[in-house]
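Trainee: Could we go through this model together? I would like to begin with the strands.

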Amino acid sequence: MVAIGHARSARQILVVDDEAHARRELATIVKGRGFDVVEAGSGQEALDAVKRSRISLILMDMDMPGLDGAMTSG
């Protein structure tokens with residue numbers, strides 16, 4: 001099943017990647033499906049975004065400096 005858009009209120013998806021081009025590409029795909037996108041370039045930026053926005057889903061790089069999608073620090 002492929003999700004396309006949303007039936008109720010706007011859904012925000014947080015896209016997190018330390019590589020700007022990869023983040024922009026994924027954000028473009030998600031926006032094309034009708035979702036609102038919040039972008040972050042680091043794990044700390046992602047935490048800050050979650051505190052100030054109503055995020056429904058997080059798509060996060062698994063290998064970034066500092067806090068990453070694997071929940072490691074390194």
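Mentor: A definition comes first: buried means under 20% relative accessible area, exposed over 50%, and partly exposed in between, with a 1.4 Å probe and protein chains only. Strands (E, at least two residues) and helices (H or I, at least four) are DSSP runs, numbered from the N terminus. The model is predicted, so local features need pLDDT of at least 70 and side-chain atom pairs count only at pLDDT 80 or more, whereas totals for chains, interfaces and linings use all residues. Residues are numbered from 1 along each chain as its sequence is written, and side-chain values use heavy atoms, with hydrogens and water left out.

Trainee: How many residues of S1 are buried?

Mentor: Four of the five are buried, so S1 is largely enclosed by the rest of the structure.

Trainee: Which strand runs parallel to S1 and is joined to it by five bridges?

Mentor: S2 is joined to S1 in that way; strands pair if DSSP finds at least two bridges between them. Ile13 has Val37 in S2 as its bridge partner. S1 also pairs with S3 in the parallel sense, over five bridges, and there Val15 stands opposite Leu59.

Trainee: Changing topic, where is Arg23, and is Arg23 buried or exposed?

Mentor: Arg23 lies in helix H1, residues 20-32. Arg23 is buried, with a relative accessible area of 16%. Beyond its neighbours within four places in sequence, its contacts (heavy atoms within 4.5 Å) include Val15, Asp17 and Glu39.

Trainee: And which exposed residues does H2 carry on the face turned away from its buried side?

Mentor: That face carries Lys51 and Arg52.
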